[in-house]
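Subject: Structure handover

Hello,

I am passing on the structure we talked about, with notes on what turned up in it. Please look it over before reading the rest.

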Amino acid sequence: DLIVTRQHFQLLFLGLGALMLLSSDDEDDDENDNRHYYTLLGIDIIQHFQTMAQLSRDTNPTAATNNAVPAYLCLIAESNPSKRNYNKAIEACNDTGMLHLKGYMNERCYLFLNRRRKNTTTTTRYYIV
């Protein structure tokens, strides 16, 4: 069971890392060569967690400790950044006690909003404080 949990988190953070690299504004040529690889990797991991989240919803829809759903929502927020997607991921992480992921999603949402608005406002500060 410990091996499955470890693999679950390794896969999640591999997916988050790949998607984060895709969203970076850096125009480094080496990273551009790997964009296709990161895209495919991110899509595969999202599909894996989508299946896991659906299976866990079908088998035990009231399970409070289900961590596939917040993992899936975090990956969706990274692949398609929006305040709404980040808020859904943050709420799911909070509900399941995944505070490390909640903190990560807060930070990513702050960076996303700050890039869009080009300044720090009360709204963006909410996500980093």
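Helix 3 is largely enclosed by the rest of the structure, because 10 of its 12 residues are buried. Buried here means under 20% relative accessible area, exposed means over 50%, and partly exposed is anything in between, computed with a 1.4 Å probe on protein chains only. Helices (H or I, at least four residues) and strands (E, at least two) are DSSP runs, numbered from the N terminus.

Some ground rules before the details. This is a predicted model, in which local features need pLDDT of at least 70 and side-chain atom pairs count only at pLDDT 80 or more, while totals for chains, interfaces and linings use all residues. Residues are numbered from 1 along each chain as its sequence is written, and side-chain values use heavy atoms, with hydrogens and water left out.

**The chain as a whole**

The protein chain has six helices and zero strands. Of its 129 residues, 33% are buried. Contact means heavy atoms within 4.5 Å; among contacts between residues at least 6 apart in sequence, 52% join residues at least 24 apart.

On confidence, pLDDT is the predictor's own figure for each residue, from 0 to 100. The chain has a mean pLDDT of 84, and 83% of its residues reach 70 or more. Where pLDDT is low, the predicted coordinates should not be read in detail.

**Back to helix 3**

Helix 3 covers residues 68-79 and reaches 16 Å from its first C-alpha to its last, close to the 16 Å expected. The expected span is 1.5 Å times one less than the number of residues. Its buried residues include Ala 68, Pro 70, Ala 71, Tyr 72 and Glu 78.

Ala 71 counts as buried because its relative accessibility is 0%. Leaving aside neighbours within four places in sequence, Ala 71 is in contact with His 8, Leu 12 and Phe 49. Ala 71 and Met 98 are 27 residues apart in sequence, with their C-alpha atoms 9.3 Å apart in space.

His 8 belongs to helix 1 (residues 2-23) and is buried, with a relative accessible area of 9%. Not counting residues up to four places away in sequence, His 8 touches Phe 49, Met 52, Asn 67, Ala 68 and Ala 71. The side chains of His 8 and Asn 67 are also joined by a polar contact of 3.4 Å. A polar contact is a pair of N or O atoms within 3.5 Å; within protein, one must be able to donate a hydrogen and the other to accept it, and residues adjacent in sequence count only if both atoms are side-chain atoms.

Leu 11 is also found in helix 1, and is partly exposed at 24% relative accessible area. Beyond its neighbours within four places in sequence, Leu 11 is in contact with Ile 45, His 48 and Phe 49.

**The salt bridge**

How many salt bridges does the structure hold? There is one, a salt bridge being a side-chain nitrogen of Lys or Arg within 4 Å of a carboxyl oxygen of Asp or Glu. Arg 108 forms it with Glu 78, and the closest N and O atoms are 2.9 Å apart. The pair links distant parts of the chain, with Arg 108 in helix 5 (residues 99-117) and Glu 78 in helix 3, 30 residues apart. Both residues are buried.

Helix 5 itself has 19 residues and reaches 27 Å from first C-alpha to last, close to the 27 Å expected. Its buried residues include Met 105, Arg 108 and Phe 112.

**Aromatic pairs**

Rings of Phe, Tyr and Trp (its six-membered ring) pair if their centres lie within 6.5 Å; planes under 30 degrees apart count as stacked, over 60 as edge-to-face and the rest as tilted. By this rule there are three aromatic pairs. The rings of Tyr 86 and Phe 112 have centres 6.0 Å apart and planes at 45°, so this pair is tilted. Tyr 86 lies in helix 4 and Phe 112 in helix 5, so the pair ties together parts that are 26 residues apart in sequence. Both Tyr 86 and Phe 112 are buried.

Tyr 126 and Tyr 127 form an edge-to-face pair, at 5.0 Å centre to centre and 85° between the planes. Tyr 126 counts as exposed at 60% relative accessibility, whereas Tyr 127 counts as buried at 5%.

Regards
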